[in-house]
Amino acid sequence: MSDAYSHRDKCAIVGIGATDFSRDSGRTELSLATQASLAALADAGLTTGDVDGIIRCDMDNVRGNDLAHSLGIRDLTYLGENGPGGAAPCAMVGQAVAAILSGQATTVLVFRSLNGRSGRRFGQSPVEGARVGGAGSYDELFAPYGLLTPGQIFALMAQRHMVDYGTTPEQLGGIALACRARANANPAAQMHGRQLTMDDYLAARMISEPLRLFDFCLETDGACAVVVTAAERARDLAQPPALIRAVAQGSIPEPQPGIQFPVLMRESITTLPARAVADTLYRRAGMGPSEVDVAELYDCFTITVLLQLEDWGFCKKGEGGPFVASGEIDLGGTIPINTGGGHLSEGYIHGMNHVVEGVRQIRGTSSNQVAGAETCLVTCTPLPPGSALLLRAA
Amino acid sequence: MSDVTAPLPMPVTDDLDTAGFFEAAARGELAIRMCDGCDAVLHVPVAYCHRCGSWEGRWQVVAGTGRLYSWTVVAHQVHPAFPAPYTVVLVELDDHPEARLVGQIPGRADLVAGQAMEAWFERVSDDVVLPQWRPAAPEES
C-alpha cells in the first residue's frame, strides 16, 4: 500500500458551476450539464477551448461526448467515468488529478447532471415486470420480500445502530435540523425558505421506520460541474484555487457485490466504506480529523451522516448520536457539516453539490462560511465503494 | 394508489449463482452456499471461494432458525404489490450467523433485536417458493 508517488497539492479545483435546484427543471439533463459546465468555466476564467478532459458519473444519462458536442469542445484527449452513483464525484475529481498528472489532459471538466425528481427517481422501487434479479444483481434475494429502496436499507442500518448504541430519533433529527438551518441561509437551497423544528421532524410521517420524511434527501433536478487543473497553472486563473490536498477511493473488506442490497451481509452494517476511505485519505494528506475545519458529508439520509461522523473519526464508534445532540456539527461546533444544506436540504446532485460547496468554503464564499476554514473534507461514501477529497487553501 | 391485486415481483430462479437457494426452497429446505474446500459460507452466493481458492461448493441445508438482526416497518408504499405497512426482517442464521436472510411480516410487527425467528415456506407462484421468516413460536414448557 505504497504512496511512493504523491499527488498532494499538485492539482486544484479552479472553477465551480451549478444550475438552479428544482423539482422540475424543464430542461434536458444535457442542457443542465451544459449550463453548469459553462458556469464553472466562466468562474475559472476559462473557455470551452481550454477543456481537454471530461469525466462523468456512470449513472448520468449524459455521456462525455454528449457534453463535448454540446459545449463545442474540439480537442478532447481524455474521457473518464466513475461510480456507482453517489460514490463517484470525489473519485471523478481524483480521476481528473490522475489524468492531469499523467499527462493525458490539462484542464478537466467533472460534472453530474440529473433530473432526479421529474425524471428517473432513485428512491422509487425500480422493480417492474415479471421477474427480478439475476445477472449478478442479487435482487432476487431481496425484492420479492418488499425490500426495494435505498431508504429501506438505511432504515435497517439505523435500526441496528439504535439497537447497538441507543441512538435516538432526536439525534437523527439533529442532523436534519443542522442541514436545514444551513439551507435557510443559502438562497440556492431548495429548502431556503422553510424552517424545520424538532417537533416538525418528529411529527413528520414515517417512511421506513425508524426513518421519517426529513431523514430523506431531496429528489432534485439540477447539475453541478467543477474544473480541475494543475496547481501551477491554477495560480494564473480567476479564482483562488482549492488545492486538492488528497483524494482517495476505497472499499471495506468483504465489500459485497452489487449496488446496494448485499451490503446487508457485511459483518457490521453500521460501518460504511467511509472507514476505509478515511484511512487512505488521511494518510495521503498527512492529516487527521482534528485538522479538518469543515466537512461536506454525503447525506442521502440522516443516518448516512451519523455513521460517517464515526467512520471519519470525528467521534468514536457508537457516539455519533450524542455528538450530534451536543451541537458539534453546527456552525461553531468542532466539525460544521453540509454548509450548503446538503442533500437533505439544498439538493441531491448525487454528491457533486458537496464538492462545489467545499470549494466555496476554501474560497471563503459560502453562505454559511466557517470562519478561517482552510481544510474541507468532502465525502462520497454511501453504500458500495466510496471516495473522498481533502481540499486546502493555497 | 394501493392496488393489492398487482402481481408480486417474482425472483429470477435460474441464475447460475443463486438458483440453488430457490431449488432448495421448492423442496421445503433452507440452504445456503458453502465452500467444499474450507466450509466458508459464501453468502450472497458466489462460485469462487477467495479464502481457499476452491471453485467447488455445495448448497448446504441449514436449520430454519435464527435471530433477528434488524428490521424496518415500511410505512410509505413504493410498489403496488406491497401495500404498506409491512415489516422487512433481517435474520442471522443460528447455524451460520455470518449469513443473513430477508423475510417479510405483514403489517407492523412488534419485534425485539435478537429474538428467535423461524423460517417457513411461502409458495408465491406455481414454480416459486420463498423462504420466509416469522417470530418463533414460544417453546412448550
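1. A word on burial to begin with: a residue is buried if 20 or more other C-beta atoms lie within 10 Å of its own, exposed if 12 or fewer, and partly exposed in between, with C-beta atoms placed from the backbone. Helices (H or I, at least four residues) and strands (E, at least two) are DSSP runs, numbered from the N terminus. With those terms, strand E9 (242-250) of chain A is mostly covered, nine of its nine residues being buried.

2. Some housekeeping: this is a predicted model, in which local features need pLDDT of at least 70 and side-chain atom pairs count only at pLDDT 80 or more, while totals for chains, interfaces and linings use all residues. Residues are numbered from 1 along each chain as its sequence is written, and chains are lettered from A and ligands numbered from 1 in the order in which they are written.

3. Now the sheet of chain A. Strands of a sheet pair through backbone hydrogen bonds, either parallel or antiparallel; here two strands are said to pair if DSSP finds at least two bridges between them. Nine strands of chain A form an open sheet with mixed pairing, in the order E3-E2-E4-E8-E1-E9-E12-E11-E10. Its edge strands, each pairing on one side only, are E3 (78-82) and E10 (294-296) of chain A. From one strand to the next, the twist averages 30° (angles run from 0 to 180 degrees between N-to-C directions, and axes are lines fitted to C-alpha atoms, for helices over the stretch in contact).

4. E1(A) and E9(A) are antiparallel over two bridges, with A:Ala12 partnered by A:Leu243. E9(A) and E12(A) also run antiparallel, joined by eight bridges; in E12(A), A:Leu243 has A:Arg392 as its bridge partner.

5. Which strands does helix H8 (residues 274-285) of chain A lie across? They are E9 (242-250), E11 (375-380) and E12 (386-393) of chain A, and the helix runs at about 140° to E9(A). Helix H12 (residues 352-363) of chain A lies across E1, E4, E8, E9, E10, E11 and E12 of chain A, at about 15° to E12(A).

6. On the interior: in soluble globular proteins, nonpolar side chains tend to be buried together. A nonpolar core here is a set of buried Ala, Val, Leu, Ile, Met, Phe, Trp, Tyr and Cys residues joined through C-beta atoms within 7 Å. The largest one has 167 residues, and A:Ile13, A:Val93, A:Val110, A:Val226, A:Val228 and A:Leu391 have the most contacts inside it. Helix H3 (residues 89-101) of chain A gives the most to this core, with eight residues. Two residues are in contact if their C-beta atoms, placed from the backbone, lie within 7 Å. Leaving aside neighbours within four places in sequence, the contacts of A:Leu391 include A:Ile13, A:Leu243 and A:Val359.

7. Helices H1 (residues 29-44) and H2 (residues 64-71) of chain A pack at about 65°, with axes 10 Å apart. Among the residues making this contact are A:Leu30 and A:Ala33 of H1(A) and A:Leu67 and A:Leu71 of H2(A).

8. Finally, the interface. The contact takes 36 residues from chain A and 29 residues from chain B. On the side of chain A that touches chain B, H4(A) gives the most, with six residues. That side divides into 21 nonpolar, 10 polar and five charged residues (Ala, Val, Leu, Ile, Met, Phe, Trp, Tyr, Cys and Pro count as nonpolar, Asp, Glu, Lys and Arg as charged, and the others, Gly among them, as polar). Strand pairing crosses over too: E5(A) and strand E1 (residues 10-11) of chain B pair in the parallel sense over two bridges, where B:Pro11 is the bridge partner of A:Val132.

9. Why does A:Leu156 count as buried? Because it has 26 C-beta neighbours inside 10 Å. A:Leu156 lies in helix H4 of chain A, and leaving aside its neighbours within four places in sequence, it is in contact with A:Leu264, A:Ile269, B:Ser70, B:Thr72 and B:Leu90.

10. As for chain B, its secondary structure comes to one helix and eight strands. Of its 141 residues, 38% count as buried.
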